[in-house]
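Here are my notes on the model you sent over, as numbered points. Have the coordinates open while you read.

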Amino acid sequence: MNLDDLTTKFSNSTENQRKAIFSTLFIAGNKLQTLFDNHIPEISLKQFMLLSIVRQSTEPLTFTQLGTLLGCSRQNIKKLADVLMKKGFITIQQSPHDTRAMCICPTEKVNDYFTNDFFKYQEELKYLFEVYTVEEIETLFILLSKLYAGIENLEKKTTNENLKKEI
């Protein structure tokens, strides 16, 4: 079975298309992670995503806040942060707003990495999207934003069901 066979098999109903979209998201995520992890030196894709958010933030973010943004647990953020701290990319400090929480702060190595090392790979990322027109990029951006709303909807439903089970 190849991709064309799968596309044909799953294009005959909305229900099958939903299944295909869900599977595609999972497979695409795995493929991107494998490509990135095998191609970009020194850090993994998950570490890169954490550094990207830390670098873009105007204030230090806690492990919990970063977990929410990246869609993973506080414990996963701590594991990623420990590795990045050992590599000299970040420091871990007490939150200025909550003495019980820890924050991740970028070091100068983060800016150096994004400016010098990662810059050449950003050009290669253009290959991922060169198959799209400008209009298709805009549509994809809008649809992925709506996907986040769907994920939040599913999270609420799951949370409500778990609360009902506890009662």
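1. Strand β1 pairs with strand β3 (residues 102-106) in the antiparallel sense, over two bridges. Leu61 stands opposite Ile104 in β3, and Thr62 has Cys103 as its bridge partner in that strand. On terms: two strands count as paired if DSSP finds at least two bridges between them, while helices (H or I, at least four residues) and strands (E, at least two) are DSSP runs, numbered from the N terminus.

2. Before going further, the ground rules. This is a predicted model, where local features need pLDDT of at least 70 and side-chain atom pairs count only at pLDDT 80 or more, while totals for chains, interfaces and linings use all residues. Residues are numbered from 1 along each chain as its sequence is written, and side-chain values use heavy atoms, with hydrogens and water left out.

3. Back to the sheet. The pairing of β2 with β3 is also antiparallel and runs over five bridges; Ile90, for one, stands opposite Pro106 in β3. Put together, three strands make an open sheet in the order β1-β3-β2. The edges are β1 (61-62) and β2 (90-94), each with a single partner strand, so one side of each has no neighbour in the sheet.

4. What lies across β2 and β3? That is helix α5 (residues 74-86), running at about 125° to β2. Axes here are lines fitted to C-alpha atoms, for helices over the stretch in contact, and angles run from 0 to 180 degrees between N-to-C directions.

5. Helix α5 also packs against helix α4 (residues 63-70), at an angle of about 105° and with the axes 8 Å apart. The two helices are therefore roughly perpendicular to each other (the classes are: under 35 degrees roughly parallel, over 145 roughly antiparallel, 65 to 115 roughly perpendicular, and the rest oblique). From α4, Phe63, Thr64, Leu66, Gly67 and Leu70 meet Arg74, Ile77, Lys78 and Ala81 of α5, where contact means heavy atoms within 4.5 Å. By class that gives five nonpolar, two polar and two charged residues. The classes take Ala, Val, Leu, Ile, Met, Phe, Trp, Tyr, Cys and Pro as nonpolar, Asp, Glu, Lys and Arg as charged, and the others, Gly among them, as polar.

6. Now the α2 and α3 pair. The axes of helix α2 (residues 14-39) and helix α3 (residues 45-56) come within 8 Å and cross at roughly 90°, so α2 and α3 are roughly perpendicular to each other. On the α2 side, the contact uses Leu32, Gln33, Phe36 and Asp37, and α3 brings Leu45, Lys46 and Phe48. That set splits into four nonpolar, one polar and two charged residues.

7. Is Gln47 buried or exposed? Gln47 sits in helix α3 and counts as buried, at 8% relative accessibility (buried is under 20% relative accessible area, exposed over 50%, partly exposed in between, with a 1.4 Å probe and protein chains only). Leaving aside residues up to four places away in sequence, Gln47 touches Glu42, Leu80, Val83, Leu84 and Lys87. Have a look at that side chain on screen.

8. Glu42 turns up again in a salt bridge, with Lys109, at 3.0 Å from N to O. Lys109 lies in helix α6 (residues 108-117) and Glu42 in the loop between α2 and α3, so the pair ties together parts that are 67 residues apart in sequence. Both partners are partly exposed: Lys109 has a relative accessible area of 31% and Glu42 has 40%.

9. How many salt bridges does the structure hold? There are four, counting a side-chain nitrogen of Lys or Arg within 4 Å of a carboxyl oxygen of Asp or Glu. One of them joins Glu15 and Arg18, at 3.4 Å from N to O. Glu15 and Arg18 are three residues apart in helix α2, which means about one helical turn between them. Glu15 is partly exposed at 42%, whereas Arg18 is exposed at 53%.

10. Last one: Asp98 forms a salt bridge with Arg100, with the closest N and O atoms 3.1 Å apart. Asp98 counts as partly exposed, at 26% relative accessibility, and Arg100 as exposed, at 73%.
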